[in-house]
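Trainee: Could we go through this one together? I would like to talk about backbone angles and aromatic rings.

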Amino acid sequence: MEALTTSRVVPLQVPCRKLSSLSADFSCLEFKRYPCRSGRVSIMNHPKLLRPVTASVQPQELSALEHQGNVVPSKEILDLWRDVEAVCFDVDSTVCVDEGIDELAEFCGAGKAVAEWTARAMGGSVPFEEALAARLSLFKPSLSKVEEYLQKRPPSLSPGIEELVKKLRANKIDVYLISGGFRQMINPVASILGIPRENIFANNILFGDSGEFVGFDENEPTSRSGGKAKAVQQIREARLYKTMAMIGDGATDLEARKPGGADLFICYAGVQLREAVAAQADWLIFKFEPLINSLD
């Protein structure tokens, strides 16, 4: 996900088949209590989802963009990719074909207002935490509304992501999801892909005792500017990985490639092509197949 980059964005038309509803047993929801200034708040977790449904989509061919010098990776980059011990994925517009906060806002009847605010924020110089708070305040999703959204809007996964994650896991490579989106919406994605909950770094929507929206957890590193880079550094320090890769579409994903963080940044442009980000990537891809095939 990348809401605040100032680079030109080229949205890609990704036709998607209409999905059937996701059946979820909300009797198994977990609620954790957290203190805050206005009293106790709840964070909703999905310990188990029943019959998750994924999207079937086909990205367009992008032959007009094949002039990009990093579409064909160098031997050094290929060697780095083959040596990775952990891969961190952005979620919105990478693992999934949509932007979670915009989809939730649209479901709550505030899609236009959130989209307009996001468009203004893309002028630049707006801290991520400020943008996140402003957009949430426009529709203030309640717990019941989030539950309804999760029932009616199953995750729409990017084509090839399930196969890539399976390949990585088969090769004993750890997989993480690092997102500026919300755990409540990312937990079902992790369940589909078989990614442990402890490997998710994302934001939490906070609810009061009556299920009313009260804010978001400001202690999550991904709630602030530079948060993805910090999350990758924390993972590396805790697990002592020698080589890590970050895969995403936006500037905050690119930021994760730094000393002590990711060694390799792969720009996935199968949903959104952000030209300034793509130009700085070690490897630019429009499908996940090249990554899968290179691990054979």
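This is a predicted model: local features need pLDDT of at least 70, side-chain atom pairs count only at pLDDT 80 or more; totals for chains, interfaces and linings use all residues.

Mentor: Gladly! Residues are numbered from 1 along each chain as its sequence is written, and side-chain values use heavy atoms, leaving out hydrogens and water.

Trainee: Is Leu240 buried or exposed?

Mentor: Leu240 sits in the loop between α9 (227–239) and β9 (244–248); helices (H or I, at least four residues) and strands (E, at least two) are DSSP runs, numbered from the N terminus. Its phi is near 60°, a positive value in a residue other than glycine. Because its relative accessibility is 67%, Leu240 counts as exposed.

Trainee: How many aromatic pairs does a search of the whole structure find?

Mentor: Rings of Phe, Tyr and Trp (its six-membered ring) pair if their centres lie within 6.5 Å; planes under 30 degrees apart count as stacked, over 60 as edge-to-face and the rest as tilted. Searching the whole structure on that basis, the number of aromatic pairs is three.

Trainee: What kind of pair do Phe107 and Tyr149 form?

Mentor: Phe107 belongs to helix α3 (residues 100–107) and Tyr149 to helix α6 (residues 143–152), 42 residues apart. Tyr149 is buried, with a relative accessible area of 7%. With 5.4 Å centre to centre and 80° between the planes, the pair is edge-to-face.

Conventions. Buried means under 20% relative accessible area, exposed over 50%, partly exposed in between (1.4 Å probe, protein chains only).
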